[in-house]
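Q: I'm new to this one. Can you walk me through how to read it?

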Amino acid sequence: MVKSHPFRIFAAYYYKWNKLPPALTFHSHPQYEIYYFHGGRCDYLLGDRIIPLEPGDLIIMNGMTRHCPKIDLSAEYVRTTFSFDPHLAQLFGPELLACGPLKPFEVLRNHHIRLSPEARAECETILQRINRFYYSNDVVHHYRLLSAFYDLLLLICEQCREHMETNRSLATDRERYVQNMIAYIEEGYMEDIELEKMAADLHMNRFHLMKVFREVTGLTVFDYLYRRRVNQAKILFYHSDRNSITDVCYMVGFKHVSHFSRVFKKQVGMTPDQYRKLVRKLSYTASN
């Protein structure tokens, strides 16, 4: 199951179910998601689509379209999923991002891929590498994990290349509203964001804005904003230890260090100072 790690850019799950699983219901979220079906009997419900799955099927999702697997419990159900915040891909650096590893999620949004036997074998080899390194706290394994996940994104890009040239998926009105809100937050998260001004700028009613955002993402606007700021703080700590805690606090949009520290610890499980020390330790280990 999932193990928390301060540097992971995604949450990975490998599930093998041969008994009644937890209740599965339609859900949505602002994270991108990758779903790979190893085996069993399952139909995947994605928006208004029902996708009968076969072993070797892969689905990418922008997360905001409601989705849910419908599982036939008469057979063992095995799947691997990844969810990740797209902006955390900054950890790959500009050179690795130049080829657009997230482009399938941005262009196709939600897409079902039936992998060929060759692509399926390659995909499962990558998943085995990810599974091997996911639970390790070894710094070398950490970078090998990132490398394997990047390789998975490139495999998806390769598989989606033709579809990206010809297809465009349509978003629902609610999804478009939330996409506009997230774009608004992305552009201004380092500054003050007021709901009244946000609603006015997006030509929405404030209460409708709050309601739709919560229903689609499962988060309040400010929950999402604070998570975005904390994730950016992690990236800043990850790339450089020259900035003080106070510098980073202001750079990502918090006004008070105490508030920044409290929110950071709640989300990450350690204070900003503890996190920065851990980053320094790993950086030192990697360079020696």
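A: Helices here are DSSP runs of H or I with at least four residues, and strands are runs of E with at least two. Keep in mind that this is a predicted model. By that count, the protein has 11 helices and eight strands.

Q: How many of the residues count as buried?

A: Buried means under 20% relative accessible area. Of the 288 residues in the protein, 49% fall into that group.

Q: Which residues of α5 are buried?

A: Here's the general idea: an α-helix has 3.6 residues a turn, so residues three or four places apart point the same way. In α5, the buried ones are Glu 175, Val 178, Met 181, Ile 182, Ile 185 and Gly 188. Their cover includes α6 (195-201), α7 (206-217) and α8 (221-239).

Q: Where is Arg 109, and is Arg 109 buried or exposed?

A: Look in the loop between α2 (103-107) and β8 (111-114). Arg 109 counts as buried because its relative accessibility is 9%. Its phi is positive, about 70°, although Arg 109 is not a glycine.

Q: And His 203: buried or exposed?

A: Exposed means over 50%, so at 75% relative accessibility His 203 counts as exposed. You'll find His 203 in the loop between α6 and α7. Phi of His 203 is positive too, near 55°, in a residue other than glycine.

Methods
Residues are numbered from 1 along each chain as its sequence is written. This is a predicted model: local features need pLDDT of at least 70, side-chain atom pairs count only at pLDDT 80 or more; totals for chains, interfaces and linings use all residues. Side-chain values use heavy atoms; hydrogens and water are left out. Buried means under 20% relative accessible area, exposed over 50%, partly exposed in between (1.4 Å probe, protein chains only). Contact means heavy atoms within 4.5 Å.
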